[in-house]
Amino acid sequence: MKKKWNFLRKIVLLQLNFSVGRTGFLLLLILFTAIQAKAWSQSRITVGMQGATIDEVIKEVRETSGYRFLYRVEEVNRFGKRDIDVRDAEVSDFLEQLLRNTDLTYEVENEVIIIRPGQKKAMPQVKVLVVSGKVTDEKNMALPGATVLLKGTSYGVVTDANGKFRMEVPEKDSVMLLVSFVGMETQQVFAGKGQTEILVSLNPDVKEMQEVVVTGYGNVRKTSFTGNSVTVSKEELMAVSKSNVIKALQTFDPSFRIQTNNDWGSDPNALPEMYVRGRSGIGGVKELDRDPLTKSALKDNPNLPTFIMDGFQISVEQLYDMDPNRIESITILKDAAATALYGSRAANGVVVITTVAPKPGKLNVSYNFTGDVTIPDLSDYNLMNASEKLETEVAAGVYKDLAERSATNPLAAEQEYYAKLASITRGVDTYWLSKPLQTSFNHKHSLNIDGGSDNFRFGIQLNYNNEDGVMKESFRNRAGAGVYLDYRIGSFQLKNMVTYTNTRSQESPYGSFSDYTSVQPYDPYKDDNGNYLERLPAWDGRTSNRKNPLYESTLANYDKAKYEEFINNLGINWNIVTGLLWKTQFSLTRKVSENERFLDPLSAKNAEPQSAGHPSSGELHTNKGSEFYWDLSSTLSYNRSIEKHHINVLAGVNARSVKTKNLSAFYRGFPSGALNSPNYAEEIVEKPVSSDNSTRLIGFLGTLNYSYNDIYLMDASVRMDGSSEFGSDKRFAPFWSLGAGINIHNYGFMKGLALLDLLKVRASYGETGKVNFPPYVARTIYQMFTDGWYKTGFGGTLKALGNSRLTWETTNTWDAGVELSLWKRLLYMKATWYQKKTVDLVNSVTIPSSTGFTTYMDNIGEVENKGYELEFRSEVVKRKDLFVALFANLAHNKNKILKISESLKAYNDRVKDHFANSNRFDGSNTKPFTQYVEGGSLTSIWGVPSLGIDPATGNEIFVRPDGSITSAWNTGDQVVLGDSEPKVQGTFGVNATWKNLSLYMTFMYEAGGQIYNSTLVDKVEDVNVYTSNVDKRVLTERWKNPGDKARYRKLVSGVGGSIMRTRPTSRFVEDNNVLTLNSVSLGYDFDAGQKWMKTIGLSLLRFEIGANDLCHWSSVKVERGLNYPYARSFNFSLKAAF
Amino acid sequence: MKIYNWIITVVLLLSVCGCNDWLDVSPEDTVDEKELFATGEGYRNALNGVYRQMSLPSLYGQEMSWGLVDVMGQVYSATGLTVYNPYGIVVREYDYDNSVVEPLIQAIWSDSYNAIANCNNIVGRITGEVPSKFRGGEEEQNMIHGEALALRALLHFDLLRLFAPAPVTNPAGNYIPYFENYPSIYEPDKSVTEILSLVERDLLRAKELIAPFDTLSGKSMLHPEKRIKNEYISNSVTDLFFLYRGFRMNYYAVTALLARVYNYAGEHEKAACCAREVIDARIEEYLADCFPLTDAGKVKGNDRKRYGEVIFALSNTQNVDNYQPYYTTGNDKLFLADYPGCFDDNSDVRKTHLTEPLGAERVCNKYILPANDASVYMSTEDLIPMIRVSEMYYICAEYLYRNGETQEAIEKLDAVRVARDCTKGRLTISGSDEFKEELLKEARREFMQEGQLYFYFKRLNQKPLVSMPDEAFVFPLPDNELIN
């Protein structure tokens, strides 16, 4: 017994040796089951199979019985397939039947059954063919340790140090070999008669992406990398969302978050704003100055990460409009060790996108279809219907107040009430919310054709995606095409990718959704002929100017945009010698965009609507833009293992130039909505404005990744960046990072532990930068007078006080983490702690105006983000037919302003002044605005602390900073009441496959943050019951009589228009805990090789149904999607390959 | 390997050297200062920029000429102005802290100092330049340099006159900063005397720098017609930049400004000396005075700006449009105060031809397009008179009077009055108060809508309005100056 065990262990060890890579060796496959104590004599065998080889039968049997078998697979498989059917048989009976008609004999020794050729018959009929060859990677570098298997058997060899192999195979007409290597795609090769010397070149396997980290300049082995990154494969992304890559990314990294945009909900034309690991900057457009019409502030945004696609920088819009099927993988680089190679663009994190490259082989056609049903989600709206509303009006005393006011006609109030009641009795109960909305069906097609030889490959991609929004007639349609060519000769590789994208988008002519949430439900919206009414009924017989928001949609108003983009990306790779690679890439992007906004002359939205005194109306705004970018990078890398040292060095240069041009014009006065060409315009209101911008960047970079024995790891990177955006005194800036780590699991003593797959400890520190200020602030620039000359000639004046000492913002990042995997990934955990301190924040500094200017930009201000991230994965069940994995992640971030400049104090004063001015009828003084203070955060909610409603008087009681109590809201009493950034946020979900079915479900959560519930302010407390529809909560918890303990002030009818405005108070700051069923998808893969599939030439067929944003649970009941509602989407997709 | 290393090194070195230039990019609608000042043309552009800034409504295009400063000088009566209009508030109460008045004061301060910063950048850069860079050689270089210095002095001087008390009150304390360098983010406040001496220093230096151009090669350009209207073409200079010397800080403009500064500072002898130099200026080759008092007949022919006697002016083509709202129906109007009370002679052409009725009141018509025969007016429509020669006569008169030469003083005043069609010898002056009064009356008649009357009041320490608060002679510093 003991002897046998030793023997087995020896074989196991030999096997281990193969995979580590020694010389070629005839692989004897040993099959054994897990240690199960089963008595030999008592095991009986039941098996029934048809058309199975002996090998397959034995595999089946060893699953169910406790026997071990020892045999040579190619020996037993020489005898072809057979049927077997034994029930509860002795092992000897079973073996007799199995080995019938063969020359094989068996021998049973303890639990091991040895099958070998019989002695009596020689086997001269099996002639042996010797096949030899060499296996290399795609760069023609030898691959030692690659496995070469005879297809259909377990017989094979591994390659030697030079990538060479030699094996004996039975001579047949053709022999199929399977060549595989970790991280490479398995390849099939024929070894026909006379073709005994075979060269095999393997390609990197994308499914094994986890094994390398894509930094954009090169790939680093994940095991030896000390930076912090998250890699997401195409399959994972697609399982979460088939259309919105950016949204899907949130699932995989709890620190990557899209800024919640409560105003624009699911508007397909609202580009997302995002940040990684908290907000780090103040610049850009602040809340108070923000134009409510802009959907996102992406220009000079201080928090936006950098997006790199195939080595060159792209914009958020480019990624947003990209066909997700083109994406191979996305890597989010987070700490300094991972991002330092991007220098002045790295501080907010870098997102690296790689696209699919064509694969060689016969012509491969794959088609992907996604159908998507998007349904508006109005579950957050809680508005009244017609009869409820009228009752509420009565209860609020509207008619009582009206009667009091109109002394001349005491019956007017009653008339008004009965007119409304009659309307309701007639059946009018307009559900305004649904009027501008639709359920949209969107379809997406993506076709990919590739193929070619090893030396010449090509790929063609076509895609079309129509995305109709849930507001009627709003859409964003994208169409694109791409051609990829890849040519290899000797050690050179030349590749070129051309893509063309055409995007057209349109805003809904129905206007803002908020127009529909305030209209009265007893108002009819169309006349007897079914046409939209221009004006809503004047119930009081006087107010004739009640506009129907739906009427605008019947006019010729439009707001549409389009852009065309052309990208050419050329790359040359040269393998100078083994391990030394020169890579050069040059990409060109040309983008032409156009948008037009037209207001019908009849529209009420005109600045001066049409009237007798003002006959010409109608406005047309046009804007034409063109952008041109080029990006050049050239790197030389050396990658080599020398004994236990593994070195990966890279040095290179990267240059980028951006040139943008814009021309906008404003025309006024159009004869009609149909005649809306500028030719018809009565006047050009402003001289067309042209603007030009140009920025340039050059960087010299170097990086070193070194590991000793795969245990001790080290990373160092440096980049010297020169930017036209820096001040002229500081044209070049150095950025660097250092990282170190230990692979504890690779220590000799740890290797014996079966439970531990991975235990890695790592830490990094570095300095990276960001530039997000307009280019002119760093330099003294003259603005030339383009609108008129002076009498004695052309002139110009200083545009701003340039600060030639201005530098980039620097972020110092500490990042440390541990990664642990146990029991063959049964449990995987990753924990990271980080501290990001952004110093030299670029901010405007207030200076005495006697300098000629009021501000200049300087490096003042510090912001810190500290936090941790946890990631957890567990492959709970890993069986042939069933696979279940659970995953969860969590991030915590704490943002703190350490230092601010005078100008921010001035901004705080402006915020205070904003509230002090009581004449704001736009409601802008009921929303809180963040003020910046040292020690505060960039996401603080400001307002005055409140004790609630005084039961005696019904007035709100506020607490002043000195502790005293007042009923007056003072702008200077505002303090931080909460923080909209959650304490923890993240995702959890499950990924399961059962046979051909696969399920992927993710939830997103956030907890510990606060929100200012503006619905309670605008639709409950401050509401004008007389003029607008209200939330159903309007009558509850109201103060009515002295002594009432109430949450809301007394309800006033709104007659006479005197509605008190509730300015920011702690009463409406609520804890915001949210759970969203982010995505669900269920897929079915058809078994490849089925007859019907073969007949129509299908090699892959997959169906999938899914849903996004299905459910949303929140601790706060607040209206979401004010200008554009949120939506739920259901999709089904089909993927087929031929 | 070795070769590759070499190639890489060379490429890297080349790119590093070329980088700094390559990184110098600027948007196409703006010009980096290095690029702008790479040629002499750039200095011309920058100087034109300063003139243009000064001619905008927030400065001399309105507030510092016919706008706020004339309102403070009680040039206009309160009749046509409502209390909602900043002018209406100022003309009655001098409430500079009022929320509609404050922005005007703030703009005067900020925009003047911005123009000063523009001058300083020219001054700072031009000193190191080689003369060959300029088309007009050293003379042009010096001329631009001098003009920038003089404009800087003028702007500081006017800020001093608004934001600091008059020297006659012997004020203590520091009031405004004097900026001499660009960029500078702070300068300390200085006393009135210090500012005045800095203004004097800059003007003397400017005079010296400009003199060669205006007194030698460019003298012909100072001919009265040529200075303003460019009608007298007889020399070869056709360069736009050198034309219209009367619109620019020419040699005599600097001299006249010096006279004004000395006069304000109370140094009457120096003032008179400078004033005389201007009055006596002649172009011998054309046998003409540079600054002859304009004949009344010309005024009757719609020469409402009396361009021939303007020594320094600014240009703004929007003048008529800017003034229009103040004499159109439905708006606040700028009716002349003390009309006809201030006129002692009914044939005074300033009374008959520089004012016109609007309803029951009178308005000044310097910025109103004449209904008939507008051609003369049109050619100077854009002109904003900054200094005219009559002021030089008054400065002389004041010096003479203070020196006890009363009759000579009256003669100087009469010289102007006669040119305005007044009868000679009407003026009798007994006592300095009467002289002061006559001088103020004369200034009211002469400088309508030219922003000078207020400073006459201030200099002589006499309130333009009896009810004016004492502190109203000094503007409060704007909020954006007081940041700490």
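A polar contact is a pair of N or O atoms within 3.5 Å; within protein, one of the two must be able to donate a hydrogen and the other to accept it. In this predicted model, the side chains of A:Arg277 and A:Glu869 meet that description, with a polar contact of 2.9 Å. A:Arg277 also reaches A:Asp815, and here the polar contact between the two side chains is 2.8 Å.

The setting of A:Arg277 deserves attention. The residue lies in the loop that runs between β18 (274-276) and β19 (306-309) of chain A. Because buried means under 20% relative accessible area, A:Arg277 counts as buried, with a relative accessibility of 1%. Neighbours within four places in sequence aside, the residues in contact with A:Arg277 include A:Asn228, A:Ser255, A:Lys334 and A:Asp335. Further along chain A, A:Thr813, A:Thr832, A:Tyr834, A:Lys836, A:Asn865 and A:Asn893 are also among its contacts, as are its two polar partners, A:Asp815 and A:Glu869.

The discussion now turns to the interface of the two chains. Chain A contributes 58 residues to the contact and chain B contributes 60 residues. Together the chains bury an area of about 5,000 Å², and carbon and sulfur atoms give 60% of it. On the side of chain A, A:Tyr782, A:Tyr790 and A:Lys791 supply 17% of the area buried against chain B, more than any other three residues.

Polar contacts across the interface join 13 residue pairs, both residues of each pair being at pLDDT 80 or more.

Several strands of chain A give two or more residues to the side that touches chain B, including β28 (558-577), β30 (619-642), β31 (645-668) and β33 (712-723). The greatest contribution comes from β32(A), with ten residues. By residue type, this side of chain A divides into 23 nonpolar, 25 polar and ten charged residues.

Strand pairing also links the chains. β36(A) runs antiparallel to strand β1 (residues 30-32) of chain B, and three bridges join them. In this pairing, A:Gln783 has B:Thr30 as its bridge partner. Within chain A, three bridges also join β36(A) to β37(A), again in antiparallel fashion, and there A:Met784 is the bridge partner of A:Gly796.

Key. Residues numbered from 1 in each chain as written. Chains lettered and ligands numbered in written order. Predicted model: local features only at pLDDT ≥ 70, side-chain atom pairs only at ≥ 80, totals over all residues. Heavy atoms only, no water. Contact = heavy atoms within 4.5 Å. Buried area = accessible area lost by both parts, 1.4 Å probe. Helix = DSSP H or I, 4+ residues; strand = E, 2+ residues; numbered from the N terminus. Nonpolar A, V, L, I, M, F, W, Y, C, P; charged D, E, K, R; others polar. Pairing = 2+ DSSP bridges. Buried < 20%, exposed > 50% of the residue type's maximum accessible area, 1.4 Å probe, protein only.
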